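Trainee: Please give me a close look at the side-chain contacts in this structure. I would like one connected account, starting with the charged pairs and going on to the nonpolar and aromatic ones.

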Amino acid sequence: MRTSFLVFTAAAAASTSYLEWAADSYIQDGIEATEWYGEATLYEGYEAVYRLTQNETYAKWYRGQIEGPVVLNNGSIRDWMYDFYSLDDYRIGNNILWWYERTRDTKYQNAADIIRAQLDRNPRTPTGGFWHRETLPDQMWLDGIYMADSFYAKWTSLFDAKNTSAWDDIALQYDNIEAHTRNHTSGLLVHGYDESKTAVWADPVTGASPLVWCRAVGWYFMSLLEVIPLFPKFHPGRARLTEYFVTLAAALKKVQDEESGGWWLIMSEPYPGAPGNYIESSASAMFTFGWLGGIRLGLLSADEYLGPARKAYRGLTERFVETNDNGTMNWEGTVEVGSLDSNATFEYYTSIPIVENDHRGIGPFMLASSEIERY
């Protein structure tokens, strides 16, 4: 049996934060130690709870998830596929670099270098964008920006910061996505595009997919937040990425659901409120985190965005957080997947199951919690 956190005991609510409650809950429940991007996203939440608490218990647990299960003592990555190219696989590189920065242990640098070299070999579109996956020629997805380019920028900032060509290449990935997927009326971005225009869903002129899928936009929004501070201050790409972030933040404000404070699975008109559509938890957490992080970095005005962000966060806690009988947290309302290896229709996206305790929702909720708890 589970109940809403609203009836969680007053003593428990007073003694803990949502961030620490989530962190403790999922350690207690057990998390499979893999390099999958879902776990990588969740681990970002543990980095956040450690930053705020400096509790070495979290760091020790987190290291046990990475050292051995993912990164071996010789600096290789367990079961890494050197000849398979999928941007999803590269996200774990950010977590590996977090441990390199914390320990300066060369095995972490060596492991990150493996992913960086793989990125060099990853197939590209004719204009230089990374294919999302080798089985999907010439396709770029918003998801892939978060999976690969945040790592690309972080690695470059640590080991090759003066390489202007690398920064140009990183900016190009965002520029390509913007050129093909941004709707300049709504300010939102559709899920991706096919540069060859041969996918069943591809617009014959732009190659764009037809719909705005919330979590893809969430991945992109978070990646911008991660990468902008890494860019050299005087590189022109930094100003462009900042504009992409600020304009997307404004577009998200326009489509925030008035009642729930969250965002619809399919954000394109006329689908908000349509039968089968629903307020989705992972993207709602991502957008909340993005707004709050943007305020912290000085990219967004607190006067304009803190109120809507508080409303969004309140909606997360009231709508998606439940309490298990043993006192641990249960996270609800996350769509299992969304893929352009499909027909990309409204019927496709809304047919995908909603799952409990998905790490792609919990991680962003922890990040949003880490931001709101600064206030």
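**Side-chain contacts**

Mentor: A search of the whole structure finds 18 salt bridges. Keep in mind from the start that this is a predicted model. Side chains of opposite charge can pair when their charged atoms come close.

Take Arg 91 and Glu 44, which form a salt bridge with 2.9 Å between the closest N and O atoms. Arg 91 belongs to the loop between helix H4 (56-66) and helix H5 (92-103), while Glu 44 belongs to helix H3 (residues 37-53), so this pair ties together parts that are 47 residues apart in sequence. Are these two residues buried or exposed? Arg 91 has a relative accessible area of 0% and is buried. Glu 44 is buried as well, with a relative accessible area of 11%.

The loop between H4 and H5 supplies another charged residue. Asp 88 and Arg 133 meet through their side chains in a salt bridge, at 3.4 Å from N to O. Asp 88 is in that loop and Arg 133 is in the loop between helix H6 (106-121) and strand E2 (139-141), so the pair ties together parts that are 45 residues apart in sequence. Asp 88 and Arg 133 are both buried.

Now look at Lys 311 and Glu 258, whose side chains form a salt bridge of 3.2 Å, N to O. This pair, too, links distant parts of the chain: Lys 311 is in helix H12 (residues 302-319) and Glu 258 is in the loop between helix H10 (236-255) and helix H11 (281-296), 53 residues apart. Glu 258, at a relative accessible area of 62%, is exposed. Salt bridges may also share partners: Arg 63, Glu 67, Asp 105 and Lys 107 are joined into one network in this way.

Next come the nonpolar side chains. In soluble globular proteins, nonpolar side chains tend to be buried together. The largest nonpolar core here has 128 residues, and Tyr 46, Tyr 220 and Leu 252 have the most contacts inside it. Helix H9 (residues 214-227) gives the largest share of this core, ten residues.

Setting aside residues up to four places away in sequence, Tyr 220 touches Leu 142, Ile 145, Tyr 174, Ile 177, Glu 178, Leu 189, Tyr 244 and Leu 248. Val 217 is found in H9, and its relative accessibility of 0% makes it buried. Its contacts, again not counting residues up to four places away in sequence, are Leu 142, Leu 189, Val 212, Leu 248, Leu 252 and Phe 287. The C-alpha atoms of Val 217 and Ala 285 are separated by 12 Å, and these two residues are 68 apart along the chain.

That leaves the aromatic rings. How many aromatic pairs does the structure hold? There are 31 aromatic pairs. In one of them, the ring centres of Trp 98 and Trp 99 are 4.9 Å apart and the planes stand at 85°, so the pair is edge-to-face. Trp 98 and Trp 99 are both buried.

Tyr 313 and Phe 365 give a stacked pair, because their planes are at 5°, with ring centres 5.7 Å apart. Tyr 313 is in helix H12 and Phe 365 in helix H14 (residues 359-372), 52 residues apart, and the pair links these distant parts of the chain. Tyr 313 is buried, with a relative accessible area of 8%, and Phe 365 is buried at 1%. As for H14, 14 of its 14 residues are buried. This helix of 14 residues reaches 20 Å from its first C-alpha to its last, close to the expected 20 Å.

Rings can also gather in groups: Tyr 43, Tyr 46, Tyr 50, Trp 61, Tyr 62, Trp 98, Trp 99 and Tyr 108 are linked into a cluster by ring pairs. Finally, a charge can lie over a ring, and Arg 116 lies over the face of Trp 155, 5.2 Å from the ring centre.

Note on methods
Residues numbered from 1 in each chain as written. Predicted model: local features only at pLDDT ≥ 70, side-chain atom pairs only at ≥ 80, totals over all residues. Heavy atoms only, no water. Salt bridge = Lys/Arg side-chain N within 4 Å of Asp/Glu carboxyl O. Helix = DSSP H or I, 4+ residues; strand = E, 2+ residues; numbered from the N terminus. Buried < 20%, exposed > 50% of the residue type's maximum accessible area, 1.4 Å probe, protein only. Core = buried A, V, L, I, M, F, W, Y, C linked by side-chain atoms within 4.5 Å. Contact = heavy atoms within 4.5 Å. Phe/Tyr/Trp six-rings, centres within 6.5 Å; stacked < 30°, edge-to-face > 60°. Lys NZ or Arg CZ within 6 Å of the ring centre and 35° of its normal. Expected span 1.5 Å × (residues − 1).
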